Amino acid sequence: MEGINLNQIGVSFKGSGSYVPNQILTNEEISKKVDTSDEWISSRTGISQRRISGVSENVSEMGFKAAFAAIEMAKWDIETIDLIILATSTPNDLFGSAPCIQAKLGANNAVAFDLTAACSGFLFAVITASQFLKAGSYKRAVVIGSDQLSSYVDWNDRKSCILFGDGAGAIAIEATNELDNLIGFTMRTDGQRGSFLNLPSQNNQDLIIDNINYSSGGFSTIEMNGQEVYKFAVREVPLIIANLFKKTNFNSEKINWLLLHQANQRILDSVGDRLNFSSEKILSNLSNYGNTSAATIPLMLDEAIRNKKIKENDIIATSGFGAGLSWGAALIRWG
Ligand code: ACO
């Protein structure tokens with residue numbers, strides 16, 4: 001795909017879509033596997049159940065379904081899509097899963113690539129796509145968040161296995177020479193604190209021939225220091241959103257919806273409190289899906305758009321945060 005200068009100054013949001021697998025794993029069912037209870041999980045996290053991909057599903061398959069629904073809502077001809085970015089930490093192909101979605105869609109004129117930033121991935125991908133659109137390089141982009149953490153959860157670790165689920169969400173973004181609906185954004189990472197949450201490679205050493213050794217590829221399961229991740233989220237997320245409000249001259253009164261990465265209801269409530277958001281403005285569906293990593297924000301967004309909670313021109317303050325450590329915030333006007 002060649003970049004052309006279309007003299008664009010902003011972006012607008014044209015459609016959303018999502019997909020979750022059919023298999024439901026409830027708290028009651030998890031408590032048959034590890035020593036926990038529905039009461040413990042619900043009260044500490046707000047999560048009641050999560051979706052688990054079937055063996056024939058993967059990140060591309062879920063991402064394709066979410067992207068297709070977003071493109072349908074936008075009423076776009078598939079051939080007009082220039083860019084597809086897939087935010088994922090659990091690709092079904094380490095060389096890139098986005099081109100597989102491109103092929104399934106038949107988006108022959110698009111360039112497609114993956115972007116990895118854990119639970120901040122979708123936000124980082126929306127910001128990345130918007131730069132191409134605002135620069136005038138491309139006109140139409142589809143941004144997808146799709147993750148299948150069930151494949152990397154240690155199902156014997158009660159401290160982490162209760163949190164995660166699988167799913168995908170997507171949005172359709174278009175360049176415009178009118179008002180910019182990505183009002184502002186900030187992105188941060190801190191690798192010094194990266195050890196709080198990892199999905200590290202796990203290599204076995206072997207010899208190719210006598211004097212040449214190598215590490216075979218593979219991955220461990222999710223390793224998490226839950227308390228440190230919790231402290232990081234409740235400290236950094238209000239700060240980054242408050243700074244963005246200052247930079248853009250907004251405050252919680254002027255915002256219709258607070259849309260945070262759906263990690264834990266206690267994190268959502270604490271961040272909302274610190275920023276003076278009333279509870280009705282805090283979007284939450286983690287009770288049904290748990291933490292689906294890069295998918296939580298578009299999954300929640302799509303649900304709120306389709307049930308007409310979020311309306312055209314509503315202002316949304318959104319924030320993604322997680323492994324890296326990585327975090328970011330954006331102010332979006334829907335439409
Ligand atoms: N069921 C029953 N008891 C449990 C469970 C469980 N599932 N898990 C832990 N416990 C026990 C612990 O063993 C501990 O017992 P002890 O006091 O006898 O040692 C006790 O409960 C308290 O454990 P804590 O770890 O202090 O529990 P906490 O209140 O911190 O809740 C939780 C744990 C839910 C993981 C919380 O720390 C949290 O949500 N952290 C944020 C994690 C997160 O959101 N991670 C994803 C980030 S996004 C991304 O990038 C993927």
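Predicted model: local features only at pLDDT ≥ 70, side-chain atom pairs only at ≥ 80, totals over all residues.
**View 1. Asn249 sits in the loop between α7 and β13.** Phi of Asn249 is near 65°, a positive value, although the residue is not a glycine. Is Asn249 buried or exposed? With a relative accessible area of 61%, Asn249 is exposed, because exposed means over 50%.

**View 2. Lys75 lies in the loop between α3 (59–74) and β4.** Here again is a residue other than glycine with a positive phi, near 60°. Lys75 has a relative accessible area of 74% and is exposed.

**View 3. Helices α7 and α8 pack at an angle of about 35°.** Helix α7 covers residues 226–248, helix α8 covers residues 265–274, and their axes are 9 Å apart. The crossing of the two helices is right-handed. Which residues of α7 and α8 meet? From α7 come Tyr230, Ala233, Val234, Arg235, Val237, Pro238 and Ile241, while α8 brings Arg266, Ile267, Ser270, Val271 and Arg274. Sorted by class, this contact has 8 nonpolar, 1 polar and 3 charged residues.

**View 4. Asn264 is found in the loop between β13 (257–260) and α8.** Asn264 counts as buried because its relative accessibility, 8%, is under 20%. Leaving aside residues up to four places away in sequence, Asn264 touches Arg44, Thr45, Tyr230 and Leu286.

**View 5. The largest nonpolar core has 43 residues.** In soluble globular proteins, nonpolar side chains tend to be buried together. In this core, the residues that touch the most other members are Ile241, Phe245, Ile255, Leu260 and Phe321. Two or more residues come from each of α7, β13, α8, β14 (315–322) and β15 (326–333). Which element gives the most to this core? It is α7, with 9 residues.

**View 6. A cis peptide bond runs from Gly324 to Leu325.** The omega angle of this bond is near -10°. Leu325 belongs to the loop between β14 and β15.

**View 7. Five strands form an open sheet in the order β1-β7-β6-β4-β5.** The pairing in this sheet is mixed. The edge strands, each pairing on one side only, are β1 (10–19) and β5 (111–115). On average, neighbouring strands are turned by 20° against each other, direction ignored. Strand β4 (residues 83–87) pairs with β5 in the parallel sense over 5 bridges, and Ile84 has Ala112 of β5 as its bridge partner. Helix α5 (residues 121–134) lies across β1, β4, β5, β6 and β7, running at about 165° to β6. Helix α10 (residues 296–306) also packs on the sheet, where it touches β1, β6 and β7. The direction of α10 makes about 95° with that of β1.

**View 8. Strand β7 is mostly covered.** How many of the 11 residues of β7 are buried? The count is 11 of 11. In a regular strand the side chains alternate between the two faces of the sheet. Asp166, Ala168, Ala170, Ala172, Glu174 and Thr176 point one way from β7, and Gly167, Gly169, Ile171, Ile173 and Ala175 point the other way. Strand β7 pairs with β1 in the antiparallel sense over 9 bridges, with Thr176 as the bridge partner of Gly10. The pairing of β6 with β7 is antiparallel over 9 bridges, and Glu174 is the bridge partner of Arg140.

Note on methods: Residues numbered from 1 in each chain as written. Heavy atoms only, no water. Axes fitted to C-alpha atoms, helices over the stretch in contact; angles between N-to-C directions. Helix = DSSP H or I, 4+ residues; strand = E, 2+ residues; numbered from the N terminus. Left-handed = near helix turned anticlockwise from the far one by under 90°. Contact = heavy atoms within 4.5 Å. Nonpolar A, V, L, I, M, F, W, Y, C, P; charged D, E, K, R; others polar. Pairing = 2+ DSSP bridges. Buried < 20%, exposed > 50% of the residue type's maximum accessible area, 1.4 Å probe, protein only. Core = buried A, V, L, I, M, F, W, Y, C linked by side-chain atoms within 4.5 Å.
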